[in-house]
Amino acid sequence: MKLIDAHIHLSDPEYAAHTDQLVKEARDANVVALVSNSMDLDTCKGSLMLAEKHPGLVYPALGIHPWNVNVLKENELEETVALIREQTRKKAVVAIGEIGLDYKYETVWEKQMMVFEKMLHLGEELELPVIIHSRGTTAQIVDMLPSYRLKRVLLHWFSHPIGALYKAVDHGYSITEGPPVAYSDGIRDVVKKVPLTNLLTETDGPVTYRKAPYGGKRTSPAFISTVVQSIAEVKRMAVADVAEQIAKNFEEFFNIKLG
Ligand SMILES: [Zn+2]
């Protein structure tokens, strides 16, 4: 069985002392691909380094997260854009991410929008898929994306509203779901309603999950086996069939052939 963690922050400072251990845990748990999402210039560089260190397992997504727009250093946006262009020429980047809009950080709304639009334009220009964070902004984002010529769109940790899920699926967008599918009725409802062909799995580590069965343990790519089991339960399918379809979705979405 080939399992996929399509959204983790492997270059997050919280993981810095543990990346070798996390990669080992991934391999031991049959996780064959990790998409290392980035938040700012430093974590972009970190994702690239980890991908270079673990070829065929770690794949870098580069971008600026809405939480980071407020603390961007001088020229950081321009330097990040230049890095993404340069690394795309080297075919070292698999997606623009994590980018988006977060309603909780409304105070820097204009700046969030400016950075998000810049990242979306970059996705168009470089013909890369985009990985999107949309807390409190999902309906708005799903309505704004069709005006961009985007290759592929992944809405990460999709929670609500369900109307936006149907629109997203109509546009051919994909979503990721992670550990909460084991305990959250809302997420289980999304998983029930999304076609399996539009679904990928994630951990979003180092985000920590306090509820059972995770109990606040350090988030590991190994959690993906529980995620896939929970999806299989909701979809009333065999675990192996769910895993196989998600691996196929991963290959198509990121244009990567799994070994
Ligand atoms: Zn994330």
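1. Buried means under 20% relative accessible area, exposed means over 50%, and partly exposed lies in between, with a 1.4 Å probe and protein chains only. By that rule histidine 7 and glutamate 98 are both buried.

2. The model is predicted, so local features need pLDDT of at least 70 and side-chain atom pairs count only at pLDDT 80 or more, while totals for chains, interfaces and linings use all residues. Residues are numbered from 1 along each chain as its sequence is written, and side-chain values use heavy atoms, with hydrogens and water left out.

3. The zinc ion is coordinated by His7 (NE2), His9 (NE2), Glu98 (OE) and Asp204 (OD), at 2.1 to 2.2 Å. Donors are N, O and S atoms within 2.8 Å of the metal (3.2 Å for Na, K and Ca); water is not among the atoms, so sites may look incomplete. Along the chain the donors follow the spacing H-x1-H-x88-E-x105-D. Histidine 7 in strand S1 (residues 3-8) and glutamate 98 in strand S4 (residues 95-100) are 91 residues apart, and the pair links distant parts of the chain. Helices (H or I, at least four residues) and strands (E, at least two) are DSSP runs, numbered from the N terminus.

4. The arrangement around the zinc ion is irregular because the four donor atoms subtend angles of 85 to 173°. Four donors count as tetrahedral if all angles lie between 85 and 135 degrees; four count as square planar and six as octahedral if opposite donors are over 155 degrees apart and all others between 65 and 115; anything else is irregular.

5. Glycine 97 is also placed in strand S4. Its relative accessible area is 0%, so glycine 97 is buried. Leaving aside neighbours within four places in sequence, glycine 97 is in contact (heavy atoms within 4.5 Å) with Asn37, Ser38, Ala61, Leu62, Gly63 and Ile131.

6. Valine 207 is found in the loop between strand S8 (199-201) and helix H8 (224-235). Valine 207 counts as partly exposed because its relative accessibility is 28%. Beyond four places in sequence, valine 207 is in contact with Trp157 and Thr219. Trp157 is also a member of one aromatic cluster, together with Tyr183, Tyr209, Tyr214 and Phe223.

7. The count of aromatic pairs comes to eight. Tryptophan 67 and tyrosine 105 form a tilted pair, 6.2 Å centre to centre and 35° between the planes. Rings of Phe, Tyr and Trp (its six-membered ring) pair if their centres lie within 6.5 Å; planes under 30 degrees apart count as stacked, over 60 as edge-to-face and the rest as tilted. Tryptophan 67 is partly exposed, at 37%, and tyrosine 105 is partly exposed, at 33%.

8. Phenylalanine 253 and phenylalanine 254 form an edge-to-face pair, 4.8 Å centre to centre and 70° between the planes. Arginine 152 lies over the face of phenylalanine 253, at 5.8 Å from the ring centre; the rule asks for NZ of Lys or CZ of Arg within 6 Å of the ring centre and within 35 degrees of the ring normal.

9. Asparagine 249 lies in helix H9 (residues 239-254) and counts as buried at 6% relative accessibility. Beyond four places in sequence, asparagine 249 is in contact with residues including Leu196, Thr197 and Asn198.
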